[in-house]
Amino acid sequence: MSESEPLTGEALALDLVNTRPLSGDGRVDLLGTPRQLSRWLALEADRLEEGHAQEGHAGEEPGAGDLIPVHAVRGHTEAVVRALLDAAEPPAAALRGLTEAQRAAAAVRELGWDGTTVTAVPRRTGPLGVRVAAALAEAAVELLTDPAIGRLKECEADGCVMVFLPAHPRRRWCSPARCGNRARVARYYQRHSAAREPRP
């Protein structure tokens with residue numbers, strides 16, 4: 001798994017926060033371009049349309065303006081997550097920001113007919129970025145108000161800022177393929193280096 005690939009598989013809101021990993025040059029934005037956002041939306045498509053208002057972005061490509069609301073929701077979500085990791089009160093501005101993002105493209109149950117029954121499908125209207133940001137803010141609200149948020153952890157690997165909800169209490173790394181493997185290699189190198197050093 002490449003460092004430039006988004007880490008997915010956590011709660012949707014944490015996957016969003018994890019699109020800003022740390023590299024040797026500082027934080028990297030894996031959603032820095034419309035193309036990167038499009039790729040990430042494709043990776044998360046099932047989860048964005050399952051349990052959240054259907055975004056209807058199939059075939060709709062994000063533009064530069066769509067990055068702004070998504071980045072705002074990511075920033076608000078990360079601010080709350082970091083506060084919770086520090087056992088501190090989340091910033092009021094971040095909580096308001098998540099509420100406002102949901103309000104900007106509220107889900108409406110669109111009625112239809114499938115040939116035999118009346119259907120109701122949640123839909124949002126507005127620009128793609130605003131619709132996606134609203135769904136991501138909704139996912140953040142669901143995560144942040146879930147009692148499971150008490151298990152929230154930051155990866156223990158040096159130089160990693162990824163966050164996750166461990167299914168197992170002994171989980172220490174964001175990903176066994178990324179940081180877990182790096183930590184094992186470092187331990188192996190330390191053990192073998194120490195064994196090769198000449199003794200006085």
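## The overall fold

Seven helices and six strands make up the secondary structure of the protein chain. Keep in mind as you look around that this is a predicted model. Walk along the sequence and the elements come in the pattern α-β-β-α-α-α-α-β-β-α-β-β-α.

The chain has 200 residues, and 38% of them count as buried. How much of the contact set links residues 24 or more positions apart? Taking the contacts in the protein chain with a separation of 6 or more, such pairs account for 58%.

Which residues of H5 are buried? They are Ala94, Gly97, Leu98 and Ala101. Looking down the axis of H5, you'd find these buried residues within an arc of 95°, so they line one face of the helix. What do they pack against? The partners are helix H4 (64-85) and helix H6 (128-144).

Have a look at the backbone here: phi of Ala87 is near 55°, a positive value in a residue other than glycine. For background, most residues other than glycine have a negative phi.

Is Ala87 buried or exposed? With a relative accessible area of 74%, Ala87 is exposed, since the cut-off for that label is over 50%.

## A cavity inside

How many cavities of 30 Å³ or more does the model have? The count comes to one. The volume of this largest cavity is about 50 Å³.

If you want to find the cavity in the viewer, pick out the residues that line it: Ser4, Pro6, Leu30, Gln36, Arg39, Trp40 and Leu43. Sorted by class, that lining has four nonpolar residues, two polar ones and one charged one.

How values were computed. Residues numbered from 1 in each chain as written. Predicted model: local features only at pLDDT ≥ 70, side-chain atom pairs only at ≥ 80, totals over all residues. Heavy atoms only, no water. 1 Å grid on protein atoms, 1.4 Å probe; cavity = no way out; pocket = protein on both sides within 12 Å on 5 of 7 lines; lining within 4 Å. Points joined across faces, edges and corners; volume = space filled by probe spheres on them. Nonpolar A, V, L, I, M, F, W, Y, C, P; charged D, E, K, R; others polar. Buried < 20%, exposed > 50% of the residue type's maximum accessible area, 1.4 Å probe, protein only. Helix = DSSP H or I, 4+ residues; strand = E, 2+ residues; numbered from the N terminus. Arc of directions from axis to C-beta. Contact = heavy atoms within 4.5 Å.
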